[in-house]
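I opened this entry to record what I looked up in the structure. The notes proceed from the overall chain to one part of its core.

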Amino acid sequence: MVFLTFTVIIEIMKQLYKFLLNKLPRPLLIRISYVFKFFAPIFYKGNNVECTVCGKSFRKFLSYGSDTAHRENVLCPYDLTLERHRLMWTYLKEHSNFFDADKTIDVLHIAPEQCFHKLFKAQENLNYLTGDLVSPIADIHFDLHKIPLDDNKFDVLFCNHVLEHVEDAMQCMRELHRVMKPGGWGIMQVPQDFSRSETYEDPSITSPEEREKHFWQKDHVRLFGMDYPDWLETAGFEVERFDVNAHMSPEQVNRFRINPKEILYIARKV
Ligand SMILES: [Zn+2]
């Protein structure tokens, strides 16, 4: 009887946990992430999926996304990474000198993702600066259309899932190019509609409901298509494609729960 009650309590807690992860807005989730760090290894004990960022294995990941972009088994219950975070980490770890360069790397991280922020900050080979319009965890606050920093300043630049929100994406890309050192590189991922050859913009779509319907999220102002790398090139970058399937086995893609269709663009300044 006691055992049965205990099982029921655990089951209720599990359901509650799942409910919170799905319903709470991501910024709030991140603020209370220590709760997840405690419970995740208990509730999701197992070895079917593995997060490349926290290095932990679980029975499964959680579902995530709005109605128009809902995905199953993608959110790490420990540090809340998604497919794109695990892909970027894999690239940095296995295919770049980000973690083991023999000189200090000057890094600018726009809209720093919480799952990376502390890890990058603690990394001794980085001279790490974060910037955002409002985020309380950013070192400096500014508008990406006019970055208040000198030209040719950073070896590495991250600006993920930002350019679909800004008014003039090309202007922001030019600014990112300006502050990058020649020889530098950056990762500026955006949600990309692989079925669309050209980026879709329509300034007459302004209501949150319409934006979600057309651009996948209430606060998106465009939906990038397969021409996204052309935008980066117009802004001055040379673009290299990192195809998931060319660098990872189907077993790895499945275990890390990475989107096999996602293309990581490495934008270089020559
Ligand atoms: Zn994780």
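**Burial and overall form**

I first looked up burial: 29% of the 270 residues of the protein chain count as buried. I note that the model is predicted.

I then checked the overall dimensions. Along the principal axes, the C-alpha atoms fill a box of roughly 70 × 50 × 40 Å. For secondary structure I found ten helices and 13 strands. I also looked up contacts between residues at least 6 apart in sequence, and 62% of them join residues at least 24 apart.

**The nonpolar core**

I turned to the largest nonpolar core, which has 55 residues; Leu 157, Met 173 and Leu 176 touch the most other members. This core draws at least three residues from each of domain 1 (2-81) and domain 2 (84-268). For Leu 176, I set aside neighbours within four places in sequence and found contacts with Leu 157, Cys 159, Gly 186 and Met 188.

**Strand 8 and its partners**

I next examined strand 8 (residues 154-159). Six of its six residues are buried, so strand 8 is largely enclosed by the rest of the structure. Strand 8 pairs in the parallel sense with strand 5 (residues 105-110) over four bridges. It also pairs in the parallel sense with strand 9 (residues 180-187), over four bridges.

I followed Phe 158 of strand 8 to His 109, which stands opposite. In strand 9, the bridge partner of Phe 158 is Ile 187. Finally, I recorded that strand 8, helix 6 (residues 169-179) and strand 9 make a right-handed β-α-β unit.

Conventions
Residues are numbered from 1 along each chain as its sequence is written. This is a predicted model: local features need pLDDT of at least 70, side-chain atom pairs count only at pLDDT 80 or more; totals for chains, interfaces and linings use all residues. Helices (H or I, at least four residues) and strands (E, at least two) are DSSP runs, numbered from the N terminus. A residue is buried if 20 or more other C-beta atoms lie within 10 Å of its own, exposed if 12 or fewer, and partly exposed in between; C-beta atoms are placed from the backbone. Two residues are in contact if their C-beta atoms, placed from the backbone, lie within 7 Å. A nonpolar core is a set of buried Ala, Val, Leu, Ile, Met, Phe, Trp, Tyr and Cys residues joined through C-beta atoms within 7 Å. Domain bounds come from an automatic or database domain assignment. Two strands pair if DSSP finds at least two bridges between them. A crossover is right-handed if, with the strands pointing away from the viewer, the path from the first strand over the helix to the second runs clockwise.
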